[in-house]
Amino acid sequence: MEKIQVKVCLGTTCFVMGSSNLQELMELVPAKYGDKVEVSGSPCLSKCNIDWEYSRAPYVTVNNEVVFEATVEKVMREIEKQLSYAK
């Protein structure tokens with residue numbers, strides 16, 4: 001099974017809109033999922049270029065799925081969904 005890749009956008013818009021609150025994922029995810037999931041930051045996921053009004057930042061990707069207005073809870077739900085597909 002390939003690792004699930006979680007990327008947290010650390011661009012200015014996402015940071016201002018709350019991606020700094022997602023740092024909790026760096027501790028929660030390894031504790032819960034071990035080496036099945038890898039969390040990293042990205043300088044910019046370029047999603048706000050598509051969603052010009054910034055209203056859906058911060059952005060996180062879980063594999064290729066975009067989590068809009070990301071919160072720890074939303075990202076954890078998407079990880080669970082991706083893990084269920086892998087079974």
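User: How many positive and negative side chains does the protein chain have, and how far apart do the centres of the two sets lie?

Analyst: A charge count is read together with the places of the charges. In this predicted model, the protein chain carries 10 positive and 12 negative side chains. The centres of these two sets lie 4 Å apart.

User: Which pattern do the helices and strands follow along the sequence?

Analyst: One counts the elements, then reads their order. The protein chain contains 3 helices and 4 strands. Their order along the sequence is β-α-α-β-β-β-α. The radius of gyration of the protein chain is 12 Å, close to the 12 Å given by the globule rule for 87 residues, so the chain is as compact as a globular protein of that length. Along the principal axes, the C-alpha atoms fill a box of roughly 35 × 20 × 20 Å.

User: What percentage of the residues count as buried?

Analyst: Burial is judged from relative accessible area, with buried meaning under 20%. Of the 87 residues of the protein chain, 39% fall in that class.

User: What part of the contacts comes from residues 24 or more positions apart?

Analyst: Contacts can be sorted by separation along the sequence. Among contacts in the protein chain with a separation of 6 or more, 65% are between residues 24 or more positions apart.

User: Turning to the backbone, where is there a cis peptide bond?

Analyst: The angle to read is omega. The bond joining Ala57 and Pro58 is cis, with omega at about 5°. Pro58 is placed in the loop between strand E2 (37-42) and strand E3 (60-62).

User: Where does Asn63 lie, and what is its phi?

Analyst: Asn63 is found in the loop between E3 and strand E4 (65-67). Its phi is positive, about 50°, although Asn63 is not a glycine. With 29% relative accessibility, Asn63 counts as partly exposed.

Note on methods:
Residues numbered from 1 in each chain as written. Predicted model: local features only at pLDDT ≥ 70, side-chain atom pairs only at ≥ 80, totals over all residues. Heavy atoms only, no water. Helix = DSSP H or I, 4+ residues; strand = E, 2+ residues; numbered from the N terminus. Rg over C-alpha atoms; globule rule 2.2 N^0.38 Å. Buried < 20%, exposed > 50% of the residue type's maximum accessible area, 1.4 Å probe, protein only. Contact = heavy atoms within 4.5 Å. Lys, Arg positive; Asp, Glu negative; His and termini not counted. Charge placed at Lys NZ, Arg CZ, Asp CG, Glu CD.
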